[in-house]
Amino acid sequence: MRTEQPVTIRRSDYTPPAFLVERIALVFELLPEAARVESTLALRRNPAAGPTAPLALDGEDLELEGLWLDGEPLPPARYTASEAGLAIDALPDACELRIVTRIAPAANTTLSGLYVSNGNFFTQCEAEGFRRITYFPDRPDVMARYTVTLRAPRERFPVLLSNGNLVAERDGPAPAWVDGPAASEAWHEAVWEDPFPKPSYLFALVAGRLVATEAQLTTMSGREVLLQVWVEPGNEDRTGHAMQSLIRAIRWDEARFGLELDLDRFMIVAVSDFNMGAMENKGLNVFNTKYVFAHPRIATDQDFAGVESVVGHEYFHNWTGNRVTCRDWFQLTLKEGLTVFRDQEFSADVMAEQAGNEAGAASARAVKRIEDVRVLRAAQFPEDAGPMAHPIRPDSYQEINNFYTVTVYEKGAEVIRMLQTLVGRDGFRKGMDLYFARHDGQAVTCDDFVAAIADANGADLSRFGRWYSQAGTPRVVVAGSHDAAGRRYRLELRQACPPSPGQPDKQPFHIPFAVGLVGPDGRDLPLRPSPACAAAVRRIETGGGRATAVLDLTDPAQVFEFEGIDTPPVPSLGRNFSAPVVVEHAYDDAQLAFLAAHDSDPFNRWEAAQRLATRCVLAVLDGAAPAERCAPLVAAIARVVDDPDLDAAFREQVVVLPSEGFIAEQLAVVDPVALRAARDAVRGELARALAGRWRAIVEGLSTGAPWTPDAKAAGERALKNAALAYWVDSGDSDAIAAAQVQFERADNMTDRAGALQALLRAGGEPRERALAAFEKTFADEPLVMDKWFSMQATMPRRPGDPPVLERVRALASHPAFSLRNPNRVRALVGSFCHGNLAEFHAGDGAGYAWWADRVLELDPLNPQVAARLARALDRWRKFTPERQAAMRAALERVAAAEHLSRDVREIVTKALAA
Ligand code: TRP
Ligand code: ZN
């Protein structure tokens, strides 16, 4: 690999393609060492582009065998070839171009383009992998109809899949170019036709030895469709949950959005080497095995939930992404933010439906919301405050793969959620209907989406567009004052957004801000806005004892007054996390404890407890005595733990403290070792003060009843395992014994991993024995070995332990570890560098040197995965001076490497930039 010159691609430079591709016929002749690809393009000059513009074909790592224009060989003088592709001048307005290329799938370690995993062929084309297969205008606004012929040796590759419908299957001779033993194998071919025009990033093929689990389903309009989940033989018994999730997703999209499956066949294929979670290729979704395999022996409840949400996500892309796609990659959030929002709503609706009653449904939705907000705060808020901060619709990039970020995905989903909050659920559905009516079959922009929502509702969303153009997490500072004589409560809201790279000054955002006023008896007060502010109160939601006002915060400062308020209430702010902002208010501990006990908004009950916990950690970090400082937190958590009206899943959320990463963001200078000590001290207080309760929870929920997958049982397992970890932290030796019993007897991975996690906290012999037993039991289960790697990489260091880095170093030489497999890299290297702050940043900078070595080792193999790992040093400027110096040195060492991918180069240069 040569070091590539950094080239910045800008959103403002968009120009329409010179040619459109009406049809493409692809013929693949597949052998692992060498594949031949013949592509025949029906081209037509684009009326929206200039009359003489040359045809630009992208191509990367291709060997060009020949080019034919309308049947005649095209001599090299007729085109210009470069590292990035071909340019062909003076083409007629309509013509046929035939291109033959050679590629080497088995040598492709990038997992982008056509590659081999466990002897089978797979493709990954998003964002720009198709150009690694053949020369093509590899951009999402070129949508073509595909016919694909796959040829391969029949014994080795009995299954041949591509997008759309299977139209023919037959045996045939080995291709003439094939020599050696492959020439005497029996070959066969399959022909697939996709009736829907699609961009090249949605192309896929799969070939190999695979087996399918099948189901039949009748869609809302009465069409029969075939559903398949393809896996390597032996894994059939772990596909049931993925299939059930797919069926639920299809039903949900019909019911909630009126969107139907548009193909006769829908396939999911699992692959163990994959750069991301899954990919929504038209009719042929390709999945990381992690998001398909679900069996209680190997998968935790979280894994089950992950499968459901990713299966939903990829399926939902069929409309939001595939039928309506992106004009260019700057619009990525058009499909990703919207599709994450849809998968979040899907999971929430499924969980709510399972709850059975209304209170349970509300609690289940809150738990899902809390989980999503935790991810946003732990990962997106830091990104938005660091050197890679970008608007959900970026203005520029060097490597688009670096912009598949929590900002584009999760903050993008929050922006869509705000749109729904602004126009209401029915209004949002109307907007979606208009979006599809206008844009089905097109490649469009984020502005087109917002326009559809606005036009369907007659809403003014002009200022809302700033969520698409400005980076950074806005802060909303709220002051409240009660006027006893006037019987009013006044809320003063101020918003500001910190600067981000290239954006020193920010314009005010349109923030839907949901508030309630909790009276002294713990009930919501009725909300009567004063006439002066009524126009900025979008809506008041009541019912079930709740009163929530959705305020339109559009200016830097706004005042809202509520009338008929006799006694000072406690404001409940940003209910259900109505906007991706930081809310600041001068609550005292008593008010937070009060909200944690009473708020009618379950999200804000949790939020109040989290605020209380964060304040404790920060105070202890500042030298406060833990026992004394934590008393209000202990009392508030005890109250929630004891509340029989709350379900287990919600109680578990309340007892889990805010992450170190989240707390670090509230500090000017981070010393991760001190931060962990402070957080552990607060944990220790909760552990010891409530030891009896933790024990009672563990014993009460250790019923020995067989595993069931339902939400209630999963919530109880979650609470039990959180309690077990606290109980172990309390120092009670009975807890270790209980964890060992659970570890040995568990009939499911949630309990087994939960017990192991608790034993890792205990340290010493119990830890080592459990780790050894776990390894022995699951040596042949790569996804479970990932848990084994990751739990050790993120484990705490106990007195007498060497630094965790030493263990991680040793594990990198474990036979089950490989830098070539992204799941393994994420499990060990990623977990340590991103997920074990105190140990990664331990004193001497050894972690940073190790990080630099791994980035440089991985980059030539897989730049996408290397670049994600490279981001572990993004926030280097936030740390103590000695750490900053060591991190800068490590970043500079990577940046100075002679050979560096565009991917990693962009990350390290942005991190080092002033
Ligand atoms: N579009 C995929 C999703 O969100 C993301 C994805 C899968 C991807 N594989 C990738 C993006 C490889 C870039 C590179 O569902
Ligand atoms: Zn997606």
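This is a predicted model: local features need pLDDT of at least 70, side-chain atom pairs count only at pLDDT 80 or more; totals for chains, interfaces and linings use all residues.
Good morning, colleagues. I shall begin with the sheet. It is an open sheet of eight strands, and its order is β6-β5-β9-β3-β2-β12-β15-β14, with mixed pairing. The edges are formed by β6, residues 72–73, and β14, residues 165–172, each of which pairs on one side only.

Let us look within that sheet at strand β12. On one side, β12 pairs with strand β2, residues 19–29, in the parallel sense, over seven bridges. One pair to find on the screen is Ala25, whose bridge partner in β12 is Thr147. Strand β12, residues 143–153, is also joined to strand β15, residues 187–199, by ten bridges, and these two run antiparallel. Two pairs illustrate this: Met143 stands opposite Pro199 in β15, and Pro153 stands opposite Trp187 in β15.

I turn next to backbone geometry. As a general rule, most residues other than glycine have a negative phi, and most peptide bonds are trans. Where does this model depart from that pattern? A cis peptide bond joins Glu126 and Ala127, with omega at about -5 degrees. Ala127 belongs to the loop between β11, residues 120–124, and β12. Asp70, which is not a glycine, has a positive phi, near 45 degrees. Asp70 is found in the loop between β5, residues 63–69, and β6, and because its relative accessibility is 44%, it counts as partly exposed. Arg487 is another non-glycine residue with a positive phi, about 50 degrees. Its place is the loop between β25, residues 475–483, and β26, and at 39% relative accessibility Arg487 also counts as partly exposed.

Which residues lie closest to ligand 1? Of the 16 residues that surround ligand 1, the closest are Glu126, Ala278, Glu280, Glu314 and Tyr409. Three elements, β20 (278–279), α2 (301–316) and α3 (332–355), each supply at least two residues of the shell. Several contacts can be given with distances. An oxygen atom of ligand 1 lies 2.7 Å from an N or O atom in the side chain of Glu314. An oxygen atom of the ligand is 3.4 Å from a polar backbone atom of Ala278. A nitrogen atom of ligand 1 has a polar side-chain atom of Lys335 at 3.5 Å. On its own, ligand 1 has 370 Å² of accessible area, and the protein covers 98% of that.

The next topic is the aromatic residues. The structure holds 35 aromatic pairs. In one of them, Phe603 and Trp606, the ring centres are 5.3 Å apart and the planes meet at 55 degrees, so the pair is tilted. Both residues lie in helix α9, residues 602–621, three residues apart, or about one turn of the helix. Phe603 and Trp606 are both buried. In another pair, Phe789 and Phe817, the centres are 6.0 Å apart and the planes are at 80 degrees, which makes the pair edge-to-face because that class takes angles over 60 degrees. Phe789 lies in helix α20, residues 782–793, whereas Phe817 is in the loop between α21 (804–811) and α22 (822–835), so this pair ties together parts that are 28 residues apart in sequence. Phe789 and Phe817 are likewise both buried.

Aromatic residues also gather in a cluster, whose members include Trp252, Tyr315, Phe341 and Phe449. Charged side chains meet rings as well. The charged end of Arg98 sits over the ring of Trp68, 4.1 Å from its centre, and Arg238 lies over the face of Phe293, at 5.4 Å from the ring centre.

I close with one further strand pair. Strand β26, residues 488–496, and β30 run antiparallel and are joined by seven bridges. Here Tyr489 stands opposite Phe562 in β30. Which residues of β30 are on its covered face? In this strand, residues 557–563, the covered face carries Gln558, Phe560 and Phe562, and the uncovered face carries Ala557, Val559, Glu561 and Glu563. Thank you for your attention.

Terms used:
Residues are numbered from 1 along each chain as its sequence is written. Chains are lettered from A and ligands numbered from 1 in the order in which they are written. Side-chain values use heavy atoms; hydrogens and water are left out. Rings of Phe, Tyr and Trp (its six-membered ring) pair if their centres lie within 6.5 Å; planes under 30 degrees apart count as stacked, over 60 as edge-to-face and the rest as tilted. Helices (H or I, at least four residues) and strands (E, at least two) are DSSP runs, numbered from the N terminus. Buried means under 20% relative accessible area, exposed over 50%, partly exposed in between (1.4 Å probe, protein chains only). A charge sits over a ring if NZ of Lys or CZ of Arg is within 6 Å of the ring centre and within 35 degrees of the ring normal. Two strands pair if DSSP finds at least two bridges between them. A residue is near a molecule or strand if one of its heavy atoms lies within 4 Å of it. A polar contact is a pair of N or O atoms within 3.5 Å; within protein, one must be able to donate a hydrogen and the other to accept it, and residues adjacent in sequence count only if both atoms are side-chain atoms. Accessible areas come from the Shrake-Rupley method with a 1.4 Å probe; for residues, only the protein chains shown count as cover.
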